[in-house]
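Subject: The structure for you to look through

Hello,

Here is the structure I promised to pass on. Please open it next to this email, and read my notes below with the chains in view.

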Amino acid sequence: MLKAKVVGKVWSTKKISGIPTGAFLEVEVEPAGTRLIAFDVLGSGIGELVLVATGSVASAWLEGVAPPIDALIIGSIDESSQ
Amino acid sequence: MLKAKVVGKVWSTKKISGIPTGAFLEVEVEPAGTRLIAFDVLGSGIGELVLVATGSVASAWLEGVAPPIDALIIGSIDESSQ
Amino acid sequence: MLKAKVVGKVWSTKKISGIPTGAFLEVEVEPAGTRLIAFDVLGSGIGELVLVATGSVASAWLEGVAPPIDALIIGSIDESSQ
Amino acid sequence: MLKAKVVGKVWSTKKISGIPTGAFLEVEVEPAGTRLIAFDVLGSGIGELVLVATGSVASAWLEGVAPPIDALIIGSIDESSQ
Amino acid sequence: MLKAKVVGKVWSTKKISGIPTGAFLEVEVEPAGTRLIAFDVLGSGIGELVLVATGSVASAWLEGVAPPIDALIIGSIDESSQ
């Protein structure tokens, strides 16, 4: 998984069928600084630190027939120790 | 998913069997600047900002017996907030 | 697989359903220095050198209906020869 | 998919079972310049510009019981527009 | 696939269940210079040039119930032409 901070939101009206209910959030991976768009069903907000799972496991967790989603916010991070 | 801009189109006459109907579009990932070829069924045009899903979820969404497609444009981006 | 050192732990209370019992550990990949969060069922500790498998094979090994886990610590490294 | 140029060929006599009939070609990804080995069933030649699909979709397209192939040349590029 | 040279071996006594019989070899990808740990059933030796398949295709080829292995040496390279 990736540790990432929610930095924005993306809206898409013209899209293919089969996208589940949820939001497309732009996240910035820490500490790498790279960005990707993750699907969110938790109602995550801007600035929130989250865990993102990528690849087919994101699609497999979502309901529906193989939704074409390759990144999913699986949790909000309470705290990290190092 | 990746946020990317459509920057070109690729034609292939000599290809393997099982490629569905659609277009191969070259996209530039934002903000990384890397490029890949994504399959498009939405009629996306040059300069359009799109969401691209990568990996086996792209193939799983398409009809047919496991088409060898690893990147799919799943939507056109209306707007981003940051 | 990746050779990585455990460098921290992450807690998440608000999370999606289907996450198995275990810990989310932050690991630093050697020698690249990149970081990711791996799921751990072995009780690995800070400073321990581990083997991490990534992608859908992590989810497939875990019990449950397709848990959205994309990185799993599969072993503790005793020794490396080079 | 990746746009890549065929730059070489690789031969392997000692190999695991289940590799289908075809060639292992070294390709250079454009414009990144990275290299990988892709499986080819189209008879692609040195210097040819091709489309490469990576990941499990390559294996899924090939006949046989899950051949351990993670990159497949799916077409020869006629032309690109930008 | 990746072209890589075997540069070391890794031993793991404390590991999860379901790891098949074989060796964990450290390989250095050519020409990128990055390193990963690949599973080997061919008896590959230090200095040997090999082909490595990554991702779920590695697990799918191995016997057992979805072993958590994401990189597999599929062949020894005899010769490359460029």
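Between chain B and chain A there are 11 residue pairs in polar contact, counting pairs with both residues at pLDDT 80 or more. That cut-off is there because this is a predicted model, in which side-chain atom pairs count only at pLDDT 80 or more.

Which elements of chain B give two or more residues to the side that touches chain A? They are β1, β4 (49-54), α1, β5 (71-76) and β6 (79-81). Of these, β5(B) gives the most, with 5 residues. By class, that side of chain B divides into 15 nonpolar, 9 polar and 4 charged residues.

The rule also finds 2 salt bridges across the interface of chain B and chain A. In total, 28 residues of chain B are in contact with 27 residues of chain A. The two chains bury about 2200 Å² between them, and 58% of that is on carbon and sulfur atoms.

Strands pair across this boundary as well. Strand β1 of chain A (residues 2-11) is joined to β6(B) by 3 bridges, and the two run antiparallel. To find the place, look for A:Trp11, which stands opposite B:Glu79 in β6(B).

Now please turn to the other neighbour, chain D. Here 28 residues of chain B are in contact with 28 residues of chain D. Chain B and chain D bury about 2200 Å² between them, with 58% of it on carbon and sulfur atoms. Which three residues supply more than any others of the area that chain B buries against chain D? They are B:Trp11, B:Lys14 and B:Ile16, which together supply 29% of it.

Across the interface of chain B and chain D the rule finds 2 salt bridges. In one of them the side chains of D:Lys3 and B:Glu26 meet, at 3.1 Å from N to O. The count of residue pairs in polar contact between chain B and chain D is 11, with both residues at pLDDT 80 or more. On the side of chain B that touches chain D, at least two residues each come from β1 (2-11), β2 (23-30), β3 (35-40) and α1 (56-61) of chain B. The classes on this side are 15 nonpolar, 7 polar and 6 charged residues.

Here it is β1(B) that pairs with a strand of its neighbour: 3 bridges join it to strand β6 of chain D (residues 79-81), and the strands run antiparallel. B:Trp11 turns up again in this pairing, with D:Glu79 in β6(D) as its bridge partner.

Finally, two pairs of chains do not touch. Chain A and chain D do not touch either, and their nearest C-alpha atoms are 10 Å apart.

Enjoy looking around, and write back with any questions.

Best wishes

Note on methods:
Residues are numbered from 1 along each chain as its sequence is written. Chains are lettered from A and ligands numbered from 1 in the order in which they are written. This is a predicted model: local features need pLDDT of at least 70, side-chain atom pairs count only at pLDDT 80 or more; totals for chains, interfaces and linings use all residues. Side-chain values use heavy atoms; hydrogens and water are left out. Contact means heavy atoms within 4.5 Å. Buried area is the accessible area (1.4 Å probe) that two parts lose on being put together, summed over both. A salt bridge is a side-chain nitrogen of Lys or Arg within 4 Å of a carboxyl oxygen of Asp or Glu. A polar contact is a pair of N or O atoms within 3.5 Å; within protein, one must be able to donate a hydrogen and the other to accept it, and residues adjacent in sequence count only if both atoms are side-chain atoms. Helices (H or I, at least four residues) and strands (E, at least two) are DSSP runs, numbered from the N terminus. Ala, Val, Leu, Ile, Met, Phe, Trp, Tyr, Cys and Pro count as nonpolar, Asp, Glu, Lys and Arg as charged, and the others, Gly among them, as polar. Two strands pair if DSSP finds at least two bridges between them.
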